[in-house]
Amino acid sequence: MNDAKLDHFNLAILRTLQLRPGLPQRELAERVNLSQNACWRRIRQLEEAGVIEARRLVLSRQALGFGLVVFSMIRTRSHSRTWLAAFREHVLGIPEVIDFYRIGGDYDYMLKIVTRDIGAFDLIYQRLIDGFEIDTVTSYFAMEALAESRPLPV
């Protein structure tokens with residue numbers, strides 16, 4: 001981090017914003033014991049330094065009907081940059097894939113997929129494998145989210 005130092009004020013700002021991204025700036029400044037102007041300057045520095053990438057609203061999967069969470073592990077024989085670029089674009093075109101990682105180990109990619117039910121997942125699966133040579137897709141179905149979207153430990 002170049003311009004913004006992670007002192008106790010900045011860490012307090014980051015902790016608070018992770019839990020309450022829509023908190024009014026006046027209230028945030030009070031919580032971290034800074035003036036509103038000083039708090040605003042620090043937030044801008046953290047954004048410019050790339051520490052704060054975005055502020056997001058967290059939606060309830062359950063309330064919106066996305067009751068099924070699937071972790072799909074993919075193994076492929078194709079490892080070229082061209083194949084990866086095409087596969088990345090293909091996967092990112094599937095809105096139900098909310099996390100997508102290239103990983104080390106027995107598999108090459110891991111996807112977190114949210115959907116309504118097993119029938120909807122089957123349609124996503126068919127779309128996922130369409131047009132790509134994939135050796136193995138192994139999917140794990142979450143039975144219960146014990147902890148999800150936890151804040152970073154700053």
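**Salt bridges.** I counted eight salt bridges, taking a side-chain nitrogen of Lys or Arg within 4 Å of a carboxyl oxygen of Asp or Glu. I then looked up Asp7, which forms a salt bridge with Arg42, with 3.0 Å between the closest N and O atoms. This pair links distant parts of the chain, 35 residues apart: Asp7 sits in the segment before helix 1, Arg42 in helix 3 (residues 36-48).

**Ground rules.** I noted that the model is predicted, that local features need pLDDT of at least 70 and side-chain atom pairs pLDDT 80 or more, and that totals for chains, interfaces and linings use all residues. Residues are numbered from 1 along each chain as its sequence is written, and side-chain values use heavy atoms, without hydrogens and water. Helices (H or I, at least four residues) and strands (E, at least two) are DSSP runs, numbered from the N terminus.

I traced four strands in an open sheet, order 2-3-1-4, with antiparallel pairing; strands pair if DSSP finds at least two bridges between them. Strand 2 and strand 4 (136-141) are at the edges with a single partner strand each, so one side of each has no neighbour in the sheet. Neighbouring strands are turned by 20 degrees against each other on average, direction ignored. Axes are lines fitted to C-alpha atoms, for helices over the stretch in contact, and angles run from 0 to 180 degrees between N-to-C directions.

I checked the pairs next. Strand 1 and strand 4 pair antiparallel over six bridges. Arg75 stands opposite Thr136 in strand 4.

Helix 4 (residues 81-92) touches strand 1, strand 2 and strand 3, and makes about 165 degrees with the direction of strand 2. Helix 5 (residues 118-129) touches strand 1, strand 3 and strand 4, at about 140 degrees to the direction of strand 3.

Strand 2 and strand 3 run antiparallel, joined by five bridges. Asp99 has Lys112 in strand 3 as its bridge partner. Their hairpin has six residues between the strands, and Gly105 takes a positive phi near 120 degrees there.

**Pocket.** I asked which residues lie nearest the centre of the largest pocket. They are Arg56, Val58, Glu148, Ser149 and Arg150, out of 41 lining residues. A pocket is an open set of points on a 1 Å grid over the protein atoms alone where a 1.4 Å probe fits, with protein on both sides within 12 Å along at least five of seven lines; lining residues have an atom within 4 Å of a point. Helix 1 gives the largest share of the lining, four residues.

Definitions and conventions
Contact = heavy atoms within 4.5 Å.
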